[in-house]
Amino acid sequence: MKKLFAFVLAVMMVMSMLAGCGASESAPAADAPVAEAGAIKLGMCGPLTGGAAVYGTAVQAGMEIAVEEINAKGGLQFALNCQDDEHDTEKAANAYNTLKDWGMQIMAGPVTTAPSNVVAGECANDQIFMLTPSASGASVIEYGDNIFQICFTDPNQGTASADYMATHDLGTTIGVIYDSSDVYSSGIFDKFMTQAEANGLNVACEASFTGDNKSDLTTQVTQCKEAGCDVVFLPFYATEAAQVLTYADKIGYKPVFFGCDGMDGILTVEGFDPALAEGLMLLTPFSADAEDEATKSFVAKFQEKTGIVPNQFAADAYDVIYALAQACENAGVTADMSATDINAKLIEQFTSMTFDGLTGAGMTWAATGEVSKTPMAVVIENGVYVGVE
Amino acid sequence: MSFLQYLINGISIGAVYAIIALGYTMVYGIAKMLNFAHGDVIMVGAYVSYCVTSYLGMPAIVSILVAVVACTVLGIVIEGLAYKPLRGTPSLAVLITAIGVSYFLQNAAQLIFGSAPKNFKSIVTMQPLTLFGGGLTITGEVIITIAICVAIMVGLTLFTSKTRMGKAMRAVSEDRAAAQLMGINVNQTISLTFAIGSALAAVAGVLLCSTVPTLMPTTGAMPGIRAFTAAVFGGIGSIPGAMLGGILLGIIETFSKAYISTQFSDAIVFSVLIIILLVKPAGLLGKQIQEKV
Amino acid sequence: MKKLLKNKTFLANSRIYLTVIVAFLVMFSLSNAGILSSSWKGYLVPICAYISLAVSLNLLVGICGELSLGHAGFMGIGAFSGIIFAALLKDVVVSDTLRLLLAMVGGGLLAGIVGFLIGIPVLRLRGDYLAIVTLAFGEIMKNIIGNLYAGVDENGFHMAITTSKMALGEGGKYIINGPMGATGVQKLATFPMGFLLVLFTLFVVLNLINSKEGRAIKAVRDNRIAAESVGINVTAFRMKAFVVSAFLAGMAGVLFGLNYSSITATKFNFNTSINILVFVVLGGMGNILGSVISATILYVLPEAMRSLEDYRMILYAVVLILVMLFTWSPKVKEIVSVISAKLSGIFKKKEVETNG
């Protein structure tokens, strides 16, 4: 009992201490970046710590840049609050509730699909408008008619990839490696296989890995090599793709590697030799090397802020804020409206408006919440993206 | 031919597991604690090596030495601050503290190095060997990893059987109280074990990331658990057991991925472990200790 | 009655029940009065689930002395089977509460059966080997659940553990879709039901501890060989505790699973098992009220530290290490007692001065 008492006491002490310093520190943080009255409160949650933190932090930085720009213009004002969900469904619910207590009026998140499935359920229930930058799972938008995505859905990418391979003569024998424990990767894989069958593609090798054993992908690459695949489809993120490319190079295996939007950012993986990605094809909505003014300015600001080149997560996040700003301006949304009223107005806007952003021009949304964007196929040549037909 | 390729891949990753498992097994044998922070020391070692080569432009061999020194110091500091005060308390208390240390190292690494994964440049510059006209490729990493693994095992075996300190270690692991009565400084011996274990972790970190280039704050976690499994597999506390366990685990993992199912390979690996433990409850090379009443 | 009041066990147990009931009444009325923030309302059900998990694991770790590192596996079995049961019963049972109850019983039973099957081989092992095998089973369960497909169509219920598409007919609907887990789950869990689960868990575990069997179990923990020599059937008791623990973890899993609109198998990984273990060890091994309190505090702690942003998890780690050192280390305790003695000495002096 004594022990227990000591423990409770210790924890209480620490908690009160933390609560004390937390209260003083959180004031500027919670209302970041400008705590002006009359700002519409945007909530975001994503993995800011843990294994998926790279995506959450990219989205956070992208959104912060957009909010700063919009606030600097005067007129419409946003306040952004980013909460950590650790890429975990349970923590996502807690992050959502924290945002709700803060007075969130619009949900500009979450970043990854699994937490989004939880948050979308809550948003539909509470009638808070949700626009996710990067949760591409097809199930996310099924929760309600106020859930919208700015990225393409996973099935679309799978279908588009299979169609691209069928219409362009990349190779005869196809191998696929995917992450069976990941919602994003297995979602693309399922639809890719269906469409590949419909297109009569010869898929000779299906290899998968899980989140627990993805540290060693040599077996899967060897399997594709043994099956004689000359095209290898890699529907997963750049981190693992870097491993696949490095090992394939070591064993002298040189098929055409084909990736999805998660592959974007491979050239910016620190320490990765861009020569290994030579000839890699991927479908992506955003290229940091694009020459237009908007992209250039965004990339420059992002690099100044974080020191790294933005990936498509950051660009999607940037677009989310601008799409919301456009919709809020059109609908005359002001900070004193209730979340439910804003929700109704934004649904109306999003199903009718057209938006031009970094990740695509002329985006429109269906009533289901799905965005219409055409994935752009690019190939890496001499270390830069080159668009292909 | 593919069979040989898989076998070599398996031995390669298995050798890395083996080096990590050696650290686990030594610490367990002597301090009787499951040091769950061991996997994160590996990650620290890899980051140190990465920084030395990428930011300071030093050669690979220097980076390994710096990583070994850094991890040894880290190991001694962790042991002194977090584990030493808990000596003599139930092993579970130390286990939870080790988990706290593991969380601490992972989150500290994220704060310092950021969450974006880094691509670790292999320290091995050896060209891959190509046999059978391209049918079989043995990369330089495989050869170096296996060589280092064998060297470490031989070195440790000689150390524990020939030197004074090594003998003291064995004595402490067999009976701490009796060893103390014989004039062995138990605390010093345990600190030394942690130092050696952490130095091995640094080497393992560099080799792991040379084989599998992704480096991020959670890099050490899963290989750490695998290696722990490997240590138990071979008989925890036994040095050759850790080596055998690690390599077997690597081979089983690769074969189950290659020939049975990539999706269920985790389940298969752990099932094999369970079966082995049921047949030989103390692991492959572990000693079955009879309890005295 | 007098005899009862003098009974130490009865007093200790009623203190546990009383604490839990008072805590429930306070939180429930605060929640109903609308004073409680959304975050706090959101914590209530998971806290109930974690209390049940911690108490059931304490039965295993604290009372039996068996270190289990796979508790989250049973939780996962409960969660996913509970979601399936709840979905299947949707048209049969109208009342949400009754459906949750049935799902909890079903999920608990299934976890209990799996616990029994696993227990047969596992309980032949002891100590750290038992720990590693439970870890292995936890990972196996997670791996299998993560590849489970379940759904309904006009032909009824289908289930498979292969990637090759499960043939669902027209209008078929997935309940669990492999790695994507369960999505679109109807949230059935409520705080009062969570409270009932906690009460039930406490009732089962406390009764088991204080029964003749419980004393036998503790005897086995303290000295297995001595217990065996006086004729206690060690394996049978260990098995009973293991199955009960799995059953309760399964029930808590159902409550947890039905509290979110979506859940994936990766939630039930090694880290979750370890978290539950942390609750048990920090609360005091064998101390049931300790588990209840530490599960609550440690669940809220990282959430309460959200305002610290990046430093949140690192501080949690530091708190964890410090609490362990302060509660267990003989040396640190000594220092603390010396300091507190000195401090109280100073205060006493001052008092004397002011009085004088």
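A residue counts as buried if 20 or more other C-beta atoms lie within 10 Å of its own. The model is predicted.

**Exercise 1.** Find which residues of α7(C) are buried, and what covers them.

*Solution.* 
- Start with the helix: α7 of chain C runs over residues 191-210 and has 20 residues.
- Check its length. First to last C-alpha, the helix reaches 28 Å, close to the 28 Å expected at 1.5 Å a residue.
- Apply the cut-off. Buried are C:M193, C:G194, C:F195, C:L197, C:V198, C:T201, C:L202, C:V205 and C:I209.
- Look for the cover. It includes α2, α3, α5, α8, α10 and α12 of chain C.

**Exercise 2.** Determine how α7(A) is oriented against α1(B).

*Solution.* 
- Take the axes of α7 (residues 218-226) of chain A and α1 (residues 2-31) of chain B: they come within 10 Å and cross at roughly 165°.
- Angles over 145 degrees count as roughly antiparallel, so α7(A) is roughly antiparallel to α1(B).
- List the contact. A:T218, A:T219, A:T222 and A:E226 face B:S2, B:Q5, B:Y6 and B:N9.
- Sort by class: 1 nonpolar, 6 polar and 1 charged residues.

**Exercise 3.** Determine how α5(B) and α6(B) are arranged.

*Solution.* 
- Read the geometry. α5 (residues 140-162) and α6 (residues 164-174) of chain B have axes 5 Å apart, at an angle of about 80°.
- Angles of 65 to 115 degrees count as roughly perpendicular, so these two helices are roughly perpendicular to each other.
- Name the partners. B:F159, B:T160, B:S161 and B:K162 of α5(B) meet B:G166, B:M169 and B:R170 of α6(B).
- Sort by class: 2 nonpolar, 3 polar and 2 charged residues.

Notes: Residues are numbered from 1 along each chain as its sequence is written. Chains are lettered from A and ligands numbered from 1 in the order in which they are written. This is a predicted model: local features need pLDDT of at least 70, side-chain atom pairs count only at pLDDT 80 or more; totals for chains, interfaces and linings use all residues. Helices (H or I, at least four residues) and strands (E, at least two) are DSSP runs, numbered from the N terminus. The expected span of a helix is 1.5 Å times one less than its number of residues. A residue is buried if 20 or more other C-beta atoms lie within 10 Å of its own, exposed if 12 or fewer, and partly exposed in between; C-beta atoms are placed from the backbone. Two residues are in contact if their C-beta atoms, placed from the backbone, lie within 7 Å. Axes are lines fitted to C-alpha atoms, for helices over the stretch in contact, and angles run from 0 to 180 degrees between N-to-C directions. Angles under 35 degrees count as roughly parallel, over 145 as roughly antiparallel, 65 to 115 as roughly perpendicular and the rest as oblique. Ala, Val, Leu, Ile, Met, Phe, Trp, Tyr, Cys and Pro count as nonpolar, Asp, Glu, Lys and Arg as charged, and the others, Gly among them, as polar.
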